[in-house]
Amino acid sequence: MDLLAAVSNQQNSQPQSQISHLALDIGGSLIKLVYFSRINDSCRDNDELRSHNESLGVSNSDTSQPILEGRLHFAKFETSKINDCLEFIRSKKLRLGGFHDCTSPSSDKIFIKATGGGAYKFADLFKEKLGISLDKEDEMDCLVTGANFLLKAVPQEAFTYLDGQKEFVQIDHNDLYPYLLVNIGSGVSMIKVDGDGKFERVSGTNVGGGTFWGLGRLLTKCKNFDELLELSQLGNNRVVDMLVGDIYGGTDYAKIGLSATTIASSFGKAISDNKELEDYKPEDISRSLLRMISNNIGQISYLNALRFGLKRIFFAGFFIRGHAYTLDTISVAVHFWSKGEAKAMFLRHEGFLGALGAFMSYEKQSLHGLMVHKILPRFPISVSSAGDKIYCSLNSDSNENEGIECTVYGM
Amino acid sequence: MAGLTEDLVLGVDDKIEGFQNKNNNNSNSNNNNQKEVIDKEGLGVRGEENSNTNNNQGGERDMAPPASSSIHRSGSRPQLDLSKAAIQGNSEERDPTILLPNQSDDISHLALDIGGSLIKLVYFSRHEDQSSDDKRKRTVKERLGISNGNRRSYPILGGRLHFVKFETSKLNECLEFISSKQLHRGRIDSHHWNSEAPANENAVIKATGGGAYKFADLFKERLGVSIDKEDEMDCLVAGANFLLKAIRHEAFTHIEGHKEFVQIDHNDLFPYLLVNIGSGVSMIKVDGDGKFQRVSGTNVGGGTYWGLGRLLTKCNSFDELLELSQRGDNRTIDMLVGDIYGGMDYSKIGLSASTIASSFGKAISDKKELKDYRPEDISLSLLRMISYNIGQISYLNALRFGLKRIFFGGFFIRGHAYTMDTISFAIHFWSQGEAQAMFLRHEGFLGALGAFMSYEKHGLDDLMVHQLVERFPMGAPYTGGKIHGPPLGDLNEKISWMEKFVLKGTEITAPVPMAPPGTTGLGGFEVPSSKGGTLRSDASALNVGVLHLVPTLEVFPLLANQKMLMEEPAAYGKLGLANLLELREECLREFQFLDAYRSIKLRENEASLAVLPDLLLELDRMDEEARLLTLIEGVLAANIFDWGSRACVDLYHKGTIIEIYRMSRNKMQRPWRVDDFDLFKERMLGSKGKKPRPHKRALLFVDNSGADIVLGMLPLARELLRRGTEVVLVANSLPALNDVTAMELPDIVAEAAKHCDILRRAAEAGGLLVDAMTNTLDGSKENSSSVPLMVVENGCGSPCIDLRQVSSELAAAAKDADLIILEGMGRALHTNFNARFKCEALKLAMVKNQRLAEKLIKGKIYDCVCRYEPAS
C-alpha cells in the first residue's frame, strides 16, 4: 500500500528532513503529536534555525519568501504508554521542534507547545525525561484554532456521511461562522465557534470515546479501541437493545414517529433474558455500545446547535476514527432530531485539532514565519509515522496518518 | 393514643388465626371473633346481619364488618342498568354479547401499563362504605345541613387506588395477581364476586404501553378479558396532570439529599416538560389536559442502566443494582477532569477536578479486568452516567421550548436519592440555576394512572372534585404485591410502637449523607461519602401511597391561622410520624387485617361498659366542682389504660375495672405537668357565684376504645350534655390500632345509654338511637328535648389527625362549635399540640413515651397534660 510505503520512506528519509515545531495534545486516552519537517532543499541546520528564531525575535519582517517548506506530520500514542511517546520524540529528535525562551536567550530551556490535561499532568515527566518544558496552551483555544485552520486551509477537509456515502463539503471561508464544533475525545466538548479565537464551550457530555472504550473493554475484553470498533462492524445490536418493536410486539409506534426498529432502550434486552454476559457476542455488544454513544452525542450536539441556531455541526476527536458506522449513526441522529434541518460534518484530521491548534500557537511566540499564508496541499501525499503500537486498520478511509505538505512563508 | 407492643401482637395473632380459620374452612364463618362480633351487635342498627354473614363467606369477612348496617342498601348495590342496551356484533350469533353502555358497575377498575421492563397496575378497591347512609349519618347531615347526597349516589363512594408493579418477564405473576384479586371481574363491589360472576364475559381492561399490544392475546386467553389499548403518551400526560392537580405533595425537588415538596399552582401548571424514564426515556411538552407533544427522548434510560448493570455486575434485580450504587465510588472507573489535568480543575470552563470527563474512561487505561472492579463502583458510575445524561437532554429540551419546570417520572428513579440528586444537579448545572428538576412520588405509575383515568364511566372524572388522600405517604414499594413496610411486630420488642415508628421515621426521612459541600468543587455532582453504613438502606423505597378517595376533605375550619399552617406543615407536629402510623395501618389493611384490634376493642368496651353504671352513680354523688375534676382525671386516667392494656384486659375479666380506674385516678396528683385545670374550671363553673354561659357545641376528639371512651370521654360528654352543650364525638373513619371508630361509637353510646337517661335522650336527639330504642322506650319522643349527642367521622385512619384534611362532616360540625377537646397522645400531642384554634380548646393526654415527654413538655413518662386555651 502506498501509504505504508510512504510511511517507511518517510522514516528512512529522516536524515534529510529537518524537524521543527513539535506540538502535543495530551488527552485522557491519547497523546497526539503534530510536527513539521522541512524538505531537503530548504533544510537548514540547527544553528541556522536558532539564529533565525533569534533574529525574528528581534526584528520580524524583512522577507516575504518561503522560508520553510515541508510536511506536517501527525502521530498518536496511548496516554497510558507515554513512555513510547517520549521515546519517539527522543529518537526522532523532535525536541528540536521546540523553541527557546526569547526573553532569556542565553537559557538552554527548550519549550514545546502542548495542550490537553496531560500538558499539566505530565509536565514534570517531560522535563525530567527529555529536558523539555511544556508551554501550556488552553485546550479549547487549540481545538478551535485547529479546526479553523483545517476548515480554511485544507480543501476537502470536511465531509458528510449519509447512507455509506462520503461527500466532501465546500467550505465558504466567508460563511464559515458560526458553527458548532463537537470534539469527541474521552469526553465530549461542544464549542460554539464565532470566528478565529472567538468561541464558547457551550456544552459537553461525559459519555464519549472513553466510555465506549472503557465499557467496551469491560464487556468484551477487547485489547484496544480499534479492535472494539472493528468488532462493532460485525455485530447486530438487536440482540442487546430493546427496540420499539420488542415492546410493541413488532409493530411501530407510528403516532409519535417511532418505527419498530428504533432503539427504545439501549441494552434494554439484557435485562429480561436469562443470559449472562458470556452468552452475548462481543460483536453485538460493541455495536450496541457504539450506537448508544454515537446517537447520544449526535442528539446532544443537535440540541445545542438548535439552541444557538447553528446549522453546521463539525464532529472531530479520536472517537470517530473515520469509522463508517460511527459516522453514519451520528449523521442519522442529527438528521433525525433536526428533521433534516441540520447536518453532521466530519473532519479528516478529526483527532488532531488540539495538537494542530497548539502547533499554530507557535506563531504567537516567536515563529511568525510559521504563520500559514498558504498551504500547498498536495494531498494526500505523505504520511507520517504513527506510534507503532497503535496501528488501526489502514483502510482507505483512515485519514489519521496523513501528512499535509505545506509551505510556510515568512512575513 | 393506643399502643403497647403486646396489644398489637395480640391483635395480629388473633387475626392471623382468624384468617387461617377462614381459609381452612371457608363456609364456616363461626370462628370466635365472628361469633363475638355478632353477639355483641346488640343495639346498633340491626336487621341486616344476614347479608353480612353471606358476604363473609365469600372470603372477604373483613371487608364487611358485621357492625355495618348499610352496605347493601340499594343506592350502592350494583344494579343492572339496561338503558341503551344493545347487542354487540352479529345478532345472528348464538349468545350474542349484550352491551350495557350505562352499566357502570361492570367496568373493570383495573388499568395496566405494560412496559418493556415492568408492568404497572393501578386498581381501585372500594371502601366498605359502612356508614355512608346509615341513620346516624343521615341525621347528622340533616342537623348539620350537609347536602352532598348526590355525590354519595355515585357508584364510587370512597375507596382506594392501589399501585402495584411486576416485572414484564414475570407476566404470569401479574396475571395470577389479577386473577387472585379478581380484579378483572369488573366489580366495584367486591362482595358480589361469587354471586354475579357470569356477567363479565366481555370484560374490558384499559391498558397502555407496548405490552398492551404484545400481550393482548395472552390476557384474552388467560383471563378472558379484552385489552382496550390507550395511547402511551396520552396516558402519561393524563396521569401526570391528574397527580399534579389532585395529590397534595406530589411533586418535590431533591437537591443534595434534601427533599422539598413543591406547591403546585393549578392555574400556573402549564406548560411543563414531562420526562418519563422507563426502559427508554420520553420527553413530552405538556401544554394542558390532553394537549401535549412528544418532543424528544433518549434510548439511554432505565433499561440501559439495568441491562448494562446486569451484564457488568450480575445483579439479579434493578433494585439490587440500585442498592449497590449507594456503596460505590465512581472515581475508580470514571475519568475525572482531575485525572486528565493531574488533579487540577479546568476552571477556565467551569469544570472542577471532580467533574466526570468521561464515564468509564478509567476502565481503559488500567490493567484491570471486569472482575477487578467493585460492582458497587460500576453501578454508581453507570447510574451517574445515565442520570446525568437524561438530565442534560431534558434541560436542553426544556430550554428549547422555554419550559421552566421539568417533572421526572418513570420507574428508573424509584425515589432513589442519588439518582434524583444527579438529575437535579445536571439540570441546575446546565441551566445555571434557571430550571428546576422536580420529581413525582407516583413516578412509575403515570401511564397506568392515565389508562385508569380513561375509563369514562367509572365516576372518577369526579376525582378532581373529590379530594384524594394518601394513607401511605412514606411509601412501600410494591413488587409483585409484596409489601416492604416497617416491621409489623416483634414479639419481644420492649419499646413501644410509637418509639419504633419514630425510629423508622427518622431513618426514612433522614437525608442521604453526601460529601460535605465545598470539599470538592461543584457540590451536588460529588461522590457521596463511601461509608456504606451511613447511607440509608431503604433509599430505594418508593414514595407511593395508596390513594384514598374520600368524598371531601377540608381544612378544619376552626384552625386559628390556616395560612400559617399551610405554609409550615411542621406546625402540626410530627406529621412524619402521623404518616408512618398511617402506613402501618395501611399495611395491615392491605393484608386484610382491616381491623386487627376488633376483638380487643370489643372486649374492652364490654368490660368498661359493665362498670360504667357504678362510675356514673359515683359521679352523680359529687358536687359540681369535684365532679369536673374527677371527670378530667378520669379522662387522663382512662387514657393511661392503653399503656398497660393487656394487664387491663385481664383485670376486666375479673371485674375489677372500677378499682383500677379509681386507683389510676387517685394517682393523678395535681399539679399535672401541664395543668390548666383551674382555668378550665373557671370557664366551666365560673368564679364567685357567677355562672358562665354553657358552651353551645363541643367537639370531642376521642381516642381509644374501652375504658378510654367509655369511662373517660363518655362521662365527660355526659357532663357537657347535662349543662346544655351539644356534643359531637369525633372519631376515626377507619380503624387504627385500638382507636374507636365512628362506626363503632353508636353501638357504644347505645349500650351506655341503657344506664343513663342523659345519654339516652341526647343520643335520641342526635339520631343515634332512632330505630333501636323506639320499641323499648314508648312515648319517649316528647321527652327528648335534650341537646343532641352526635357522632361524626374525622376522615382519618390514623392515631394522629392532620387537621388540614378532615371530613366534610367534621368541617360542618365545627361550624357552631365553641369548644374542642382533643384527647390522647396522637391527636393532642404528636399532632396539634401547638395548633391554635378559633374557639376554646382543651388538650388532654397522658404521655406514654419518654422521648416525647422530654421533648414536648420537659417532663417524664406518664406525666399528664391538661392544656386549656381560650379562643385565639
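This is a predicted model: local features need pLDDT of at least 70, side-chain atom pairs count only at pLDDT 80 or more; totals for chains, interfaces and linings use all residues.

Trainee: Where does K339(A) lie?

Mentor: K339(A) sits in the loop between α12 (324–337) and β15 (343–347) of chain A. Helices (H or I, at least four residues) and strands (E, at least two) are DSSP runs, numbered from the N terminus. K339(A) is not a glycine, yet its phi is positive, about 50°.

Trainee: Is K339(A) buried or exposed?

Mentor: K339(A) counts as exposed, because its relative accessibility is 70%. Buried means under 20% relative accessible area, exposed over 50%, and partly exposed in between (1.4 Å probe, protein chains only).

Trainee: And what about F360(B), buried or exposed?

Mentor: F360(B) is buried, at a relative accessible area of 0%. F360(B) has a positive phi near 65° and is not a glycine. Its loop runs between β14 (356–358) and α13 (362–365) of chain B.

Trainee: OK, peptide bonds. Which residues does a cis bond join in chain A?

Mentor: Y177(A) and P178(A), with omega about -10°. P178(A) is in the loop between β8 (165–168) and β9 (179–184) of chain A. In chain B, a cis bond joins F270(B) and P271(B), and omega there is about -10°. P271(B) lies in the loop between β9 (258–261) and β10 (272–277) of chain B.

Trainee: New topic. How far apart are the end C-alpha atoms of helix α14 of chain B?

Mentor: They are 37 Å apart. Helix α14 (residues 375–400) has 26 residues, so at 1.5 Å a residue it should span 38 Å, which agrees. The expected span is 1.5 Å times one less than the number of residues.

Trainee: How many residues of α14(B) are buried?

Mentor: 23 of its 26. After α14(B) comes G402(B), with a positive phi near 65°.

Trainee: And α10(B)? How many of its residues are buried?

Mentor: 12 of its 12. They include W306(B) and R310(B). Just after α10(B), K314(B) has a positive phi of about 65°.

Terms used: Residues are numbered from 1 along each chain as its sequence is written. Chains are lettered from A and ligands numbered from 1 in the order in which they are written. Side-chain values use heavy atoms; hydrogens and water are left out.
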